[in-house]
Each structure stands twice: as structure tokens, then as C-alpha cells.
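Dear colleague,

Please find below the structure that I am handing over to you, together with its sequence.

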Amino acid sequence: MKSTILYSILSCMALFTVGCSSSSDDTNTALPHKGAKTVLMQNVADNLPELQSVEKDSMWSVTDGVSVTEVKMVFRTYNTHMLIAEIDLTKGVTLTPSCADNAELPTKLQPLTEQMQALEKAGKTVYAGINGDFFGKGKDGYQSMNVFVKDGKVIKDMYTAGNEGMIIKLKNGDIRIVHPRFFKSYSADIQEAVGGFHALITDGEPNELLAVNDLTMKFDARTFVGLSQDNKKCYLFVVDGGQDDFSKGMRVEDAISICKYAGCHNAVNLDGGASSTFAIKDSKGTINVLNKPSNGEQRRVFNGLVVIKKG
């Protein structure tokens, strides 16, 4: 008799425990927008099944027309950390390239924050920046793998096979993302250009012909940039990677999905891995790295894409 009563009590306790666990799981699942609070991440979360939950998405203003959103999420079962700068190009801000020491003919590498400081010394007011193009070493020093134009001067007008995008600023101030094969047709009107590698989205269509290789399929840190359909809003993305407990990273096809639901009509992949860097200038005027580069410190890079004050 006693054993029967004890069994009944234990059975009820087990059912109560299961019921509590189920209720907790249901509560987590039922969180609106998978926990996202910002409009940007709510749209991404609502449309992207691979995004399982958003643990944090906080947004703050850097200056009028520039905001930053920091995201901690579970993506494809992995911890993932991402930073997004939203730039309203109708405000008093624009994009410009950076390079080592702001040189007229750059041939060396330098951390992004130092490149941004060099722009400040040259009279620019900088707000935020990301690393730019892939790079390599040539006979005269380092060079970008894609087209590079700075301050109206063409530093490199050739691109390596496989490079499918570049960010250009026209002499009238308009920003575009186009394939580098169009460089010559735009060249008379280009004031500045920073090259990228994979096309992520072209005229609203996600890249369905993405190469399948170690570069695209590896979960890694990523840097990419996109523009809205009217070219009036720019998005700068950096996803940390190579640090499983903190941020696993993404594949290139994941970057395509993020761009699509963030509102990009055109987007291109920039240099990633240990090169991925996201920096802003704080209220005290100090330029800080906000992400966690996978090498534990900033990598020296060839160029960057920096948000500055117009004028």
C-alpha cells in the first residue's frame, strides 16, 4: 500500500515537472519576433527560419543619420554576434574610403582605427567604419584585389576574376553598388570606389549562383554592405566569427539572407575572417573597435569604408 502511494506521489511530481518545462518552452517560443526589439531585427527574425532567437538587439544613435544596432542571437543553433550601422544618406553624412596614412598612393596595411584617425587628421569628421576589400601583395607593395578610387584618383582600375561588386560614390554624391565590369562606363563620374568580392543581392535578386567552396561555406567572421532600392539608406554589417562560445560566424549565403530581410536591394561581400572590423567614434572623440576580431586584435588591412560628415 505504501509503495503504491509513494509511486502515485512520484508520478504526480514528474508530471508537474514536465508541465513546468513545457510551459517555459512554450513561453520562449511564443516571444514575439523571436525576442527582437528593433524594427530592423524584427523583420529579419520574422522572415528568417535559421534565426532561432534574439537574445539582445540594442540600437543607439552615433549622430543624426547614423545608428548602430548590436545583436546577440542564436543562428543555425550557434551563438552569433552582429553589428549593423544604418546610414541615412539624405542626412549630412556620406561614405568615403580609408587607407594607410590616408596616402595618395597606398602600398601598405594599417588597422582600420588608424586609417580613420588619418582621415580625421586630413580634416574629415568620421563617425563609423568597416574594413574594405580583399587584398594581396604585388611588386610595389600591397594592393586591393578589386577596383579602388580615392579622392577622384584611380589607384586601381582592374579587378580579379570572381569579384562581383564594388561600392562607388559618384561626383554628385550618389552611392551605388555595381559590378566592376561597369567601372569604365562609370569612370568619368566616379569620385570614389571600394571593391568587394561576392555579389549578395543584385537589383533585389539574391545571388543564386554563389560558388560553393571553403570561402563561402565556412562559418566565419563576415563584413558586408548593402543599399536600399532608392540608394538613400546604406547598411554596414560585421558578424564576428571563429569564437564558438561568443560568435560562430556565418556562411556567405547567410549574409545574403540577412541583407534581404534587412532591406537591401543591392549588397556585396567584403573581406572577412580576421579582417572583419567595426569601429565607431564615441562621444569623447575616441575611435573604438566594437566587434571582437577573431585574431584577438585588429588585423592590418588595405582599405576601409568609413562614414563621414558631408562637406
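**The largest pocket**

In this predicted model, the largest pocket has a volume of about 350 Å³. Its lining comprises 19 residues, and the closest to the pocket centre are Ile177, Val178, His179, Thr202 and Asn266. Two or more lining residues come from each of S11, strand S13 (199-202) and strand S17 (266-269). By residue class, the lining of the largest pocket divides into seven nonpolar, eight polar and four charged residues.

**The sheet containing S11**

Strand S11 also belongs to an open sheet of five strands, arranged in the order S9-S8-S12-S10-S11 with antiparallel pairing. At the edges are strand S9 (153-156) and strand S11 (175-178), each of which pairs on one side only. From one strand to the next, the twist averages 25°.

Within this sheet, strand S10 (residues 165-170) and strand S12 (residues 190-196) run antiparallel and are joined by six bridges. Gly165 has Gly196 in S12 as its bridge partner.

Leu109 lies in the loop between strand S4 (93-99) and helix H3 (112-121). Is Leu109 buried or exposed? Its relative accessibility is 9%, so Leu109 counts as buried, the cut-off being under 20%.

Beyond its neighbours within four places in sequence, Leu109 is in contact with Ala100, Phe135, Tyr142, Arg300, Val301 and Phe302. Of these contacts, Tyr142 is 33 residues away from Leu109 along the chain, and the C-alpha atoms of the two are separated by 7.1 Å.

With kind regards

Definitions and conventions
Residues are numbered from 1 along each chain as its sequence is written. This is a predicted model: local features need pLDDT of at least 70, side-chain atom pairs count only at pLDDT 80 or more; totals for chains, interfaces and linings use all residues. Side-chain values use heavy atoms; hydrogens and water are left out. Two strands pair if DSSP finds at least two bridges between them. Helices (H or I, at least four residues) and strands (E, at least two) are DSSP runs, numbered from the N terminus. Axes are lines fitted to C-alpha atoms, for helices over the stretch in contact, and angles run from 0 to 180 degrees between N-to-C directions. Buried means under 20% relative accessible area, exposed over 50%, partly exposed in between (1.4 Å probe, protein chains only). Contact means heavy atoms within 4.5 Å. On a 1 Å grid over the protein atoms alone, a cavity is a set of points where a 1.4 Å probe fits but cannot get out, and a pocket is an open set with protein on both sides within 12 Å along at least five of seven lines; lining residues have an atom within 4 Å of a point. Grid points are joined across faces, edges and corners, and a volume is the space filled by probe spheres set on the points. Ala, Val, Leu, Ile, Met, Phe, Trp, Tyr, Cys and Pro count as nonpolar, Asp, Glu, Lys and Arg as charged, and the others, Gly among them, as polar.
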